[in-house]
Each structure stands twice: as C-alpha cells, then as structure tokens.
Amino acid sequence: MSRSTGASFRGGRLPPKGDRRRMRVGLLGGSFNPAHEGHRRLADLMRRRLRLDQVWLLVSPGNPLKPAIGMAPLAERLAGAEAIADGRRIVATDLERELGTRFAVDTVRALRRRFPRVRFVWLMGADVLAELPRWRRWTTLARDVPFAVLPRPSYNHRALSGRAAHRLRPFHRPGRQATMLADAGAPGWTFLPARQMDISATSIRARTARGRSSSPGV
C-alpha cells in the first residue's frame, strides 16, 4: 500500500487553484443544519479506520434533496462545521460554493481536477446509501470515487438490501480491507462495523423548536 506524502492542508484554507501534493482525503458532504457531535465522531472514526490524512466537511450551499424552508444560511452552517473541526485532521469548507457545484458527482470531478494526486473517499451513513439511487448520476459517482459507509439505526437493512448495494455488490470490500479503499480507487465500497450513533440534525432542530415553543413569551 502506498503512503501519503506532503503535509495536510491546515486551517481550513484549501488552495484556491488546487495542489499536487499526495494525500488520502475523506469527503463528508451534507447540509450540516446544524453541525453536531455525531458529524465529528463519524469524521474522526472514518479517518482512523480508513487511514486518511484528512476529512473535509463539505458544507453544501443547498442540498437538492432537501427543502430550503428551515435551512440556515450557508455562513451559519459553515461556522457550525468549523466549530466541530480541528482545522488539521478535520477541515470544514464551503468548496462546493467556490466550485459552483450542487451535486456530488460534479463536486468529485471538480475536486479530482483541482487536486489530481489526492485519493478521495466519499463518506456516508447507511441512510445515505439507502437513498443513493435518488442522487444525480449516482452510478457515475460510484465509478469516480470509492464509498465508505457507517451503520445508522433503522437504516442498515434497508441500505444493504437496497438498489445501490445490489448494483455495487461486485465491488464490495470487507471491512478488514478498509485501509486499502483509498488507494484501490473506484469502483469500490465498504460497510464498516461500528457503534451506531443515534443523533441527527433533524432531531436537534426538533428539540430546538420544542424548546422555543415552551419558552415563556413565545
């Protein structure tokens, strides 16, 4: 297995015109509405299990599959992601805004052009794998970047018996080969056994809304 060379990007500032350093980077995309401890734990676990140099939290300017109503401004969501990142091993960025992309397939292709020597892995929970066939040109995305999937309560069976897992079954790698995923490239994916994290941005927003409605004067 080849080793990464060169320093990681620091402070959340990625080179605007790209870079030719060699690294392994996990891409964790999402709305981060809001960012929370589950995102940080997932990013850190994936970084260690896949032996990645960094994980980039790609804060989406607007998720095509989510309603705009209730979506906090990008600057607020990015600030929340930066608060859970350390700027060294986990970096929060609004690269999709800079790139002008909204779909993962376009983002990955733009990043591969900008950072040609970086080995990317797309990170997701089982809930995302279950809905992957709804993503634009998802089979093209699977040919462009390997996936690493973590379990999520109530989604695992649906994800592993779903259309995406069935279509990609020939390219599945067992969890014990996870450290080879970035270097092996696409197509390829693994489902990593791990303690399930029952926390979501949806539940946090719901608790926040309940708290506001029960506050005096509201």
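The dialogue below treats strands, a helix and some loop residues in turn.

Author: This is a predicted model, in which local features need pLDDT of at least 70, side-chain atom pairs count only at pLDDT 80 or more, and totals for chains, interfaces and linings use all residues. Residues are numbered from 1 along each chain as its sequence is written, and side-chain values use heavy atoms, with hydrogens and water left out.

Reader: How many residues of strand E1 are buried?

Author: Buried means under 20% relative accessible area, exposed means over 50%, and partly exposed lies in between (1.4 Å probe, protein chains only). Helices (H or I, at least four residues) and strands (E, at least two) are DSSP runs, numbered from the N terminus. Strand E1, residues 23-30, has six of its eight residues buried.

Reader: Which strand does E1 join by six bridges?

Author: Two strands pair if DSSP finds at least two bridges between them. E1 runs parallel to strand E2 (residues 54-59), to which six bridges join it; Gly 26 stands opposite Val 55 there. Five bridges also join E1 to E4, again in parallel, and Val 25 has Phe 120 of E4 as its bridge partner.

Reader: What unit do E1, helix H1 and E2 make?

Author: A crossover is right-handed if, with the strands pointing away from the viewer, the path from the first strand over the helix to the second runs clockwise. Together with helix H1 (residues 37-50), E1 and E2 make a right-handed β-α-β unit.

Reader: Which residues of helix H2 are buried?

Author: An α-helix has 3.6 residues a turn, so residues three or four places apart point the same way. In H2 (residues 74-84), the buried residues are Leu 74, Arg 77, Leu 78, Ala 81 and Ile 84. They lie on the same side of H2 because they cover an arc of only 125° around the axis, an arc taken from the directions from the helix axis to the C-beta atoms. Ala 75, Glu 76 and Ala 83, on the other side of H2, are exposed.

Reader: Where is Pro 34 found, and which residue does a cis peptide bond join to Pro 34?

Author: Pro 34 is in the loop between E1 and H1. The cis peptide bond joins Asn 33 and Pro 34, with omega about 5°.

Reader: What is phi of Arg 51?

Author: Phi of Arg 51 is near 55°, a positive value in a residue other than glycine. Arg 51 is in the loop between H1 and E2 and counts as partly exposed, at 47% relative accessibility.
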